[in-house]
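Welcome! Here is a short tour that goes from one residue to the overall fold.

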Amino acid sequence: MNILILCGSPRKSGNTELLVDAFVKGASQKHQVETVSVRDYKVNPCVGCNACFKNNTCAQKDDMAIIYEKMANADMLVIASPVYFYGLSAQLKAIIDRCHNPIRDTFHIKKAALLLVGAASLPELFDSILTQYQLCLNFFHMEDAGKVLVRRVKEKGDIKQTEALNEAYELGRSL
């Protein structure tokens, strides 16, 4: 499989990135894995102009064209994000919103996975993201390949004190 990871953390070497790295170590044993870190791409938010539905291409000229190409070659998509105020990072949300575009119909992504890291301990910390994730799975007829949801992780490196890195590695390895 070709696995594309959209890593939504703007922080280099942070907890989300460490979680992604553990997943990659497991998944790359059998699959081709590529990580797109949002901090390396300039992607504007969707402006809702609907030009994409008329021209089959986005009117905005930014790095999303590169990400569309990567998504077109993926069999599986992994969404990885820190949780900021009960949602995905703004940078990652911009990429997801830009999939409101008919180019998404050319993708052959069949599976998805979710890696989330949050500082809070609230039981409902991930609920809004999980709802959006499930709606996307349903809409695109994708299979959920798994989730690693990590609470109580705030400072860089805190995730090393949890079982989450091993969980992410095992999720990747199990594919």
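Which helix does T16 lie in? T16 belongs to helix α1, which covers residues 15-27. Keep in mind as you look around that this is a predicted model.

Is T16 buried or exposed? Its relative accessibility is 3%, and because buried means under 20%, T16 counts as buried. Setting aside neighbours within four places in sequence, T16 touches C7, S9, A80, S81, P82 and V117.

## The fold

Let's step back to the whole chain. The protein has six helices and five strands, and along the sequence they come in the order β-α-β-α-α-β-α-β-α-β-α. The radius of gyration is 16 Å, close to the 16 Å that the globule rule gives for 175 residues, so the protein is as compact as a globular protein of that length. The C-alpha trace spans about 50 × 35 × 30 Å along its principal axes.

## Burial, surface and charge

Of the 175 residues in the protein, 44% are buried, and T16 is one of the residues that count as buried. The accessible surface comes to about 9,000 Å², with 52% of that area belonging to carbon and sulfur atoms.

As for charge, the protein carries 21 positive and 19 negative side chains. The centres of these two sets lie 2 Å apart.

Conventions
Residues are numbered from 1 along each chain as its sequence is written. This is a predicted model: local features need pLDDT of at least 70, side-chain atom pairs count only at pLDDT 80 or more; totals for chains, interfaces and linings use all residues. Side-chain values use heavy atoms; hydrogens and water are left out. Helices (H or I, at least four residues) and strands (E, at least two) are DSSP runs, numbered from the N terminus. The radius of gyration is taken over C-alpha atoms; the globule rule is 2.2 Å times the number of residues to the power 0.38. Buried means under 20% relative accessible area, exposed over 50%, partly exposed in between (1.4 Å probe, protein chains only). Accessible areas come from the Shrake-Rupley method with a 1.4 Å probe; for residues, only the protein chains shown count as cover. Lys and Arg count as positive and Asp and Glu as negative; His and the chain ends are not counted. The place of a charge is taken as NZ of Lys, CZ of Arg, CG of Asp or CD of Glu. Contact means heavy atoms within 4.5 Å.
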